[in-house]
Amino acid sequence: MRILALADVHGDHSHIDSLLEMAGKIDLAVISGDLTQFGPASEAEKILSMFDVPVLAVPGNCDPKEVMDVLDSSNVVNLHNAVEKIDDVTFIGLGGSCPTPFNTPFELEEDEIEKILEPLFEAAEGTIVLLSHTPPKGLLDDVGGENVGSTAVAKFFDRAKLVICAHIHEARGFARSGDTFLVNPGMAAQGYGALIELDHDNVSVVFLED
């Protein structure tokens with residue numbers, strides 16, 4: 001399965017066409033949050049209309065609640081607090097972020113995140129991919145020497161084969177812990193993305209830059 005991973009668009013869709021062209025033939029695209037920069041929701045509509053392949057998306061902490069309505073009313077799969085099975089791969093989604101110092105529109109306490117993820121993982125089968133705006137605590141979450149990821153996401157991390165995250169703009173990259181792979185494709189607003197090849201137990205990543 002060839003997946004184009006995008007994140008942190010923040011209302012700037014100027015690189016998306018180029019990233020789609022660079023990715024070539026893909027099976028689907030995923031967007032791991034922050035489609036807008038605190039709105040408006042119409043920016044999310046514009047971004048989602050640019051794809052002619054299946055898209056799975058979750059909102060980010062900078063997306064107002066109206067973006068959830070846009071996702072629900074579009075052809076895109078709103079993966080927040082949901083499970084989507086594609087072939088033998090089960091996608092699980094978590095939008096928003098754990099608490100930040102900035103009081104952004106979509107933040108969840110750690111116990112709320114855990115309550116969302118537990119039943120989703122229980123319902124999942126086969127190869128599991130978690131699309132989460134926030135990274136797990138301790139991986140691709142360093143900001144100024146502090147790990148700011150989610151402890152709840154970290155708790156479920158090893159139950160997935162692949163986790164695609166965002167949120168920490170400085171932490172674009174690839175990590176692995178045990179049998180689980182983690183990818184932060186970087187800010188699409190800055191022309192970054194990632195092409196992920198998922199083949200059962202094998203994951204490979206090519207980072208894209210426009």
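Mentor: A residue is called buried when its relative accessible area is under 20%, exposed when it is over 50%, and partly exposed in between, with a 1.4 Å probe and protein chains only. The model is predicted, so local features need pLDDT of at least 70 and side-chain atom pairs count only at pLDDT 80 or more, while totals for chains, interfaces and linings use all residues. Residues are numbered from 1 along each chain as its sequence is written, and side-chain values use heavy atoms, with hydrogens and water left out.

The part to look at is helix H1, residues 16-23. Helices (H or I, at least four residues) and strands (E, at least two) are DSSP runs, numbered from the N terminus. Ile16, Leu19, Leu20 and Ala23 are the buried residues in H1. Down the helix axis they fall within an arc of 100 degrees, so they line one face of H1; the arc is that of the directions from the axis to the C-beta atoms. An α-helix has 3.6 residues a turn, so residues three or four places apart point the same way. Asp17 and Glu21 are exposed, on the face of H1 turned away from the buried side. After the helix comes Gly24, with a positive phi near 75 degrees.

The buried residues of H1 pack against strands E1 (2-6), E13 (192-199) and E14 (202-209), and against helix H2 (41-48). Contact here means heavy atoms within 4.5 Å.

Glu197 is in E13 and Arg2 in E1, 195 residues apart, so the pair links distant parts of the chain. A salt bridge is a side-chain nitrogen of Lys or Arg within 4 Å of a carboxyl oxygen of Asp or Glu. Both partners count as partly exposed, Glu197 at 33% relative accessibility and Arg2 at 24%. The structure holds 7 salt bridges.

H2 leads on to Thr36, which sits in the loop between strand E2 (28-32) and H2. Thr36 counts as buried because its relative accessibility is 0%. A polar atom of the Thr36 side chain lies 3.0 Å from the backbone nitrogen of Gly39. A polar contact is a pair of N or O atoms within 3.5 Å; within protein, one must be able to donate a hydrogen and the other to accept it, and residues adjacent in sequence count only if both atoms are side-chain atoms. Leaving aside neighbours within four places in sequence, the contacts of Thr36 include His10, Gly11, Glu43, Ala44 and Cys62.

Cys62 raises the matter of disulfides. A disulfide is a pair of cysteine sulfur atoms within 2.5 Å, and by this rule the count is 0. For Cys62, the nearest cysteine sulfur is that of Cys98, 13 Å away. Cys62 is buried, with a relative accessible area of 8%. Cys165 is in no disulfide either, the nearest cysteine sulfur being that of Cys98 at 11 Å. Cys165 counts as buried because its relative accessibility is 0%.
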